[in-house]
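Please keep the sequence and the model in view while reading.

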Amino acid sequence: MAFIQVNDLTKSFGNNTVVKGVSFAFDKGEFISLLGPSGCGKTTILRMIAGFERPTSGSITVDGQDITGLKPNRRQLGMVFQAYALFPNLNVGENIGFGLKIAGMPAEQRRARIEEMLKLIGLAGYEKRYPYELSGGQQQRVALARAIAPRPRMLLLDEPLSALDAKIRVSLREEIRAIQLDLGITTVFVTHDQEEALSISDRIVVMNAGNIEQLGAPHEIYNKPATRFVASFVGQLNNIEATVLEAATKTVSIDGQIATVPTLPTDAATGSAVTLTLRPEVLSTFPRDGNDITLTGTIADVTFLGSVIRLRVALGQNIVSLDTFNDQRTAPPARGEPVTISLASKDLLVL
Amino acid sequence: MKTSRLWPWLVFALGAAYFIVPLIATFEFSLRMRRGEYSFDAYASVFADPRFHASFGYSVAIGLVTIVVGVLVVVPAVYFVRLRMPWLRPFMEFVTLLPLIIPALILVYGYIRLYNSSSIIPFTGSALGTDILLTGAYVTLALPYMYRAVDNGMRTIDIGTLTEAAQIMGANQVQIIGQIILPNILVAILSGAFLTFAIVIGEFTIASLLNRPAFGPYLVNIGTNRAYEPAALAIISFIITWGAMGMINVLGRFAPRTSARTD
């Protein structure tokens, strides 16, 4: 039986339904990300799991117990907030020990657990500092320690990295994942950052407008997006407008260049317009094994990103993006240069 | 000095003089009890009066009880309105302003009519009952100040998230208010407390009409019977009031710092 089970969960605020009959189930120890743009209902789902919002309908079960009607302080969950939410009047040690004190743990045991937590987050010796004396990253680590100190059944993370700068965001997310794997704690992570979700999750729930668009492992979500929304929200996507030359043979014209595609939408008739989508990394400026479509164009723009160079290639009306590795021995291509790009037809997504 | 700076300073000096000159005059007069030389005889006389000690002690006691009751009423009210019923805030603002609009005289006549010895709740029937009534009246009188102080204090902390953070860790409402909210707005509460104290110490109308032996009626009584002591008392009560105001300033420096350093 699944460790956390969300059944037909709905939440309405007045006439506005923000979560529309969402269901999912996950096993113990999984790291689950709820990913989607703002207003998609992901935070509302997390807040309903935490008990801060009451579902309009549906149920939430954790470890076999129906917690839908339970007060937040009875759910035995840990949570980390975007705004850290450390108690300003308590020092680091007291913050971490807060949940333990509420649970009635004796002072001696509490001290040992606080020390263990401080070591876990790499802040040993910071026990007497106050939140205002810490940087954002340190505060969020303390918040994480505070959430897991009472050994909760599940950890909820509400965009915990959004308020931090880029470098710390990456290092802290790796730390969170390492701690999560180490403790084996089931974790629900809410984020609007697809890179964050892809990098640390076991499974991702992609949400849009209160519904689940797709649920799956990061590579499934990225490589086999179920809907156009998932394809465009997760990762970069090129849209190529093409005209069907012959529906039976699946031949299309891309700005006058002819290509054969593996599939076409069922309603695509000869002469109609179709949109082909593909990831930037499937495009290549040199011949590659298995690349059966070749297109020519001119370089419209070059963005130097360090290890990677992002090219925008105009095929006519269509402009596609592709990434190439920076080769230190050759200069990056110049704007206006003609270029031949190739791709494998099997990599085209017809959504 | 530039002309542009001269005018503001002149206006400030005139304003300050308007307050300070009478104060200096009162102080100077209070020193004249002994003929031909300055002395603190009037102050000695005031401090030697047992009625001064009794009335001052009484007002301090009532003031402290007023503060405790005020905090117990206002803190949970502001907390729950901010957290659960933000739409009630304009109404709260209006209600807490009423004591500034309704004269104390009307308030106390209303109390006497409602709670006289022949009413259902005969508060004025006993000394203790009248003390309770007086405390209630002072809580009402201090409401505009206590409410604003506490409300400002809660504005500086994110009570919603702090409450949720404490809740998810198992804390109940009493633990959240007692261990998280109160300590974080302590400075604001103390500001409200000193303002309340300053009001209660000098209050005359309600204490006098309820016939309680408070400091305000004592001040007025001395004022009508003596020459130099009222001046000395005016200076003493001024020092007490300003001392309370000064404490608010001092305490402001100990306000909890909530913002994080940037990375």
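The model is a predicted one, in which local features need pLDDT of at least 70 and side-chain atom pairs count only at pLDDT 80 or more, while totals for chains, interfaces and linings use all residues. Residues are numbered from 1 along each chain as its sequence is written, and chains are lettered from A and ligands numbered from 1 in the order in which they are written.

**Surroundings of Arg335(A)**
- Arg335(A) sits in the loop between β17 (319-325) and β18 (338-343) of chain A, helices (H or I, at least four residues) and strands (E, at least two) being DSSP runs numbered from the N terminus.
- Apart from neighbours within four places in sequence, Arg335(A) is in contact with Ile299(A), Asp301(A) and Val302(A), contact meaning that the C-beta atoms of two residues, placed from the backbone, lie within 7 Å.
- From Arg335(A) to Asp158(A) there are 177 residues in sequence and 43 Å in space, C-alpha to C-alpha.

**Chain A as a whole**
- Chain A has eight helices and 18 strands, and its C-alpha atoms fill a box of roughly 75 × 50 × 35 Å along the principal axes.
- Of the 351 residues of chain A, 38% count as buried.
- The domain assignment, which is an automatic or database one, gives domain 1 (4-233) and domain 2 (238-347) of chain A, and the centres of these two domains, taken over C-alpha atoms, are 40 Å apart.

**Loop residues with positive phi**
- Most residues other than glycine have a negative phi.
- Ala85(A), which is not a glycine, has a positive phi of about 55°; this residue lies in the loop between β6 and α2 of chain A and is buried, with 26 other C-beta atoms within 10 Å.
- Lys250(A), also not a glycine, has a positive phi of about 60°; this residue lies in the loop between β11 (238-246) and β12 (251-254) of chain A and is partly exposed, with 17 other C-beta atoms within 10 Å.

**Helix packing in chain A**
- The axes of α4(A) and helix α5 (residues 166-183) of chain A come within 11 Å and cross at roughly 15°, so α4(A) is roughly parallel to α5(A); axes are lines fitted to C-alpha atoms, for helices over the stretch in contact, with angles from 0 to 180 degrees between N-to-C directions, and angles under 35 degrees count as roughly parallel, over 145 as roughly antiparallel, 65 to 115 as roughly perpendicular and the rest as oblique.
- The contact is made by Gly137(A), Gln140(A), Leu144(A) and Ile148(A) of α4(A) with Ile168(A), Leu172(A), Ile176(A) and Leu183(A) of α5(A).

**Where chain A meets chain B**
- In the interface, 28 residues of chain A are in contact with 23 residues of chain B.
- On the side of chain A that touches chain B, the elements giving two or more residues are β6 (77-80), α2 (92-102) and α4 (136-148) of chain A.
- That side of chain A has 19 nonpolar, eight polar and one charged residues, with Ala, Val, Leu, Ile, Met, Phe, Trp, Tyr, Cys and Pro counted as nonpolar, Asp, Glu, Lys and Arg as charged, and the others, Gly among them, as polar.

Technical notes: Buried ≥ 20, exposed ≤ 12 C-beta atoms within 10 Å, placed from the backbone.
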